[in-house]
Amino acid sequence: MSNKQSNYPTAQMNRSIEQADGFISNTVSCISELTNLGKPKNEEELKERIRQYFKFCAEKSFRPGIESVALALGVDRVTYWRWCNQDIHVSSEWSDICKVARQSIIAFTEAAANSGHLSPPIAIFALKNIANYKDAISFEDTTPTLQERRYGRNYNDLPMFNSSEVLESDTKDL
């Protein structure tokens, strides 16, 4: 018995072709609708366009992403990133509006991953690419230093014998 609602790739392999065709046609139609919007001319138009984009995603059950928000804004992904980072001559307000949209997409991606609606590998890949998430790797030296080494006795604490004492004690027992 399998979990037909699972979003893991192995469970998805058993979907019927009708479901796959429905997904493809719905996605292509949504993408086509996004391309008709054109490039915004000012900050107010940019805000409105992003608001329309997220409303569109909610109404059409379309997953928001960086590529599709860029498409809705009439630019490519690289231009959108340049707007966010003010690498292109845009106002700080323009840049801030783009950053809020990007943060909203990141928040959605995290929520989808945490609720099981997005497979972990896809979520990890997306968050590393759009949110600059990184795997934390730390290298720590656990070798004890000279002060941390504790032995039962110090060399100076050990009893010292001279050779004549050792020979006398050895011959007493004989």
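Student: Before we start, what does buried mean here?
Tutor: Buried means under 20% relative accessible area, and exposed means over 50%. Partly exposed is in between. Keep in mind that this is a predicted model.

Student: OK. Is Trp83 buried or exposed?
Tutor: Trp83 has 4% relative accessibility, so it counts as buried.

Student: Which residues touch the most other members of the largest nonpolar core?
Tutor: Trp83 is one of them, along with Leu46, Leu73, Tyr80 and Cys98. That core has 28 residues.

Student: Which helices supply at least two residues each?
Tutor: α2 (17–35), α3 (43–60), α4 (66–72), α5 (77–85), α6 (92–114) and α7 (120–130) each do.

Student: And which helix gives the most?
Tutor: α6 does, with 6 residues.

Student: Back to Leu73. What is it in contact with, leaving aside neighbours within four places in sequence?
Tutor: Leu73 contacts Gly38, Lys39, Pro40, Leu46, Arg49, Ile50, Tyr80 and Trp83.

Student: Let's look at α5. Which of its residues are buried?
Tutor: Thr79, Tyr80, Trp81, Trp83 and Cys84 are buried in α5.

Student: What do they pack against?
Tutor: The buried residues of α5 pack against α3, α4, α6 and α7.

Student: Take α5 and α6, then. At what angle do their axes cross?
Tutor: They cross at roughly 115°. The axes come within 7 Å.

Student: Is the crossing left-handed or right-handed?
Tutor: α5 passes α6 in a left-handed crossing.

Student: Which residues meet there?
Tutor: From α5, they are Tyr80, Trp81, Trp83, Cys84 and Asn85. On the α6 side, they are Trp94, Ser95, Cys98, Lys99, Ala101 and Arg102.

Student: How many of them are nonpolar, polar and charged?
Tutor: The contact of α5 with α6 has 7 nonpolar, 2 polar and 2 charged residues.

Student: New topic: rings. How many aromatic pairs are there?
Tutor: The count comes to 4 aromatic pairs. One of them is Tyr53 with Phe54. Their ring centres are 5.1 Å apart and their planes are at 70°.

Student: What about the rings of Trp83 and Trp94?
Tutor: Their centres are 5.1 Å apart, with the planes at 90°, so that pair is edge-to-face. Trp83 lies in helix α5 and Trp94 in helix α6, so the pair ties together parts that are 11 residues apart in sequence. Trp94 is buried, with a relative accessible area of 8%.

Student: Last topic: backbone. Which residue after α5 has a positive phi?
Tutor: Gln86 follows α5, and its phi is positive, near 55°.

Student: And what is the phi of Ser61?
Tutor: It is positive, about 55°, although Ser61 is not a glycine. Ser61 sits in the loop between α3 and α4. Its relative accessibility is 66%, so Ser61 counts as exposed.

Student: Where does Asn132 lie?
Tutor: Asn132 is in the loop between α7 and α8 (163–172). Its phi is positive, about 60°, although Asn132 is not a glycine. Asn132 is exposed, with a relative accessible area of 57%.

Methods: Residues are numbered from 1 along each chain as its sequence is written. This is a predicted model: local features need pLDDT of at least 70, side-chain atom pairs count only at pLDDT 80 or more; totals for chains, interfaces and linings use all residues. Side-chain values use heavy atoms; hydrogens and water are left out. A nonpolar core is a set of buried Ala, Val, Leu, Ile, Met, Phe, Trp, Tyr and Cys residues joined through side-chain atoms within 4.5 Å. Buried means under 20% relative accessible area, exposed over 50%, partly exposed in between (1.4 Å probe, protein chains only). Helices (H or I, at least four residues) and strands (E, at least two) are DSSP runs, numbered from the N terminus. Contact means heavy atoms within 4.5 Å. Axes are lines fitted to C-alpha atoms, for helices over the stretch in contact, and angles run from 0 to 180 degrees between N-to-C directions. A crossing is left-handed if the near helix is turned anticlockwise from the far one by less than a right angle, and right-handed if clockwise. Ala, Val, Leu, Ile, Met, Phe, Trp, Tyr, Cys and Pro count as nonpolar, Asp, Glu, Lys and Arg as charged, and the others, Gly among them, as polar. Rings of Phe, Tyr and Trp (its six-membered ring) pair if their centres lie within 6.5 Å; planes under 30 degrees apart count as stacked, over 60 as edge-to-face and the rest as tilted.
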